[in-house]
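Me: I would like to go through the packing in this model. Please show it first.

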Amino acid sequence: MPETGPPTILFDVFWTQQKRKLLIETALAGLGLPAEDYPIYVLIGAEGPWTPTGLAERLMMPLSTVIFRYKRLEARGHAERVPNPNDGRSFLMQLTSEGKRLLGRARPVFRAYAEAVEARLGPEQLDVLKSGLAALRQAVDDELAAREGDATDGAARRQRTSRGAE
């Protein structure tokens, strides 16, 4: 077992994610849009419609998580499934008119918060952070790939195989 020491960079990412969630919750307070679902609304609304598998890959999330979250949007009447013209076995996910209206109210509010944070950092720090985060994502991917054959590491395999049929 490795020695304990100071928190790793992955804890810094976790703590940053907690702050990000708080920022989204604060920006969206009173709109009825849960912070954890906001990225789903944005990607479906801005880039959709999506297949479940395509959205899971875009979000780098397990397919089962994307479907669970998407069903929450459907239950609120903010999303609907439509036939996929390219694959009769699949469907596309899109926002309803009500979902689009909600996103139309929420997105500019959150965007103002996000851009204010970016302004506090400045362009040079933003560039450093973007390249550093890309390098961190690659390092995580490389470590998972290196441990692919390790019998104790099933999480990465489970995530990749959860992206099966829709």
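Me: Which residues does Ile44 touch, not counting residues up to four places away in sequence?
Reply: This is a predicted model: local features need pLDDT of at least 70, side-chain atom pairs count only at pLDDT 80 or more, and totals for chains, interfaces and linings use all residues. Residues are numbered from 1 along each chain as its sequence is written, and side-chain values use heavy atoms, with hydrogens and water left out. Contact means heavy atoms within 4.5 Å. On that basis, Ile44 touches Trp50, Leu55, Tyr70, Met93, Gln94 and Leu95.

Me: Which residues of α2 are buried?
Reply: Buried means under 20% relative accessible area, with a 1.4 Å probe and protein chains only. Helices are DSSP runs (H or I, at least four residues), strands likewise (E, at least two), numbered from the N terminus. Cover for the buried part of α2 includes α1, α3, α4, β2 and α5. The buried residues are Tyr38, Ile40, Tyr41, Val42, Leu43 and Ile44.

Me: How are α3 and α4 oriented to each other?
Reply: Their axes, lines fitted to C-alpha atoms over the stretch in contact, lie 9 Å apart. The angle between N-to-C directions, on a scale from 0 to 180 degrees, is about 110 degrees. Angles of 65 to 115 degrees count as roughly perpendicular. So α3 and α4 are roughly perpendicular.

Notes:
Parallel < 35°, antiparallel > 145°, perpendicular 65-115°, else oblique. Buried < 20%, exposed > 50% of the residue type's maximum accessible area, 1.4 Å probe, protein only.
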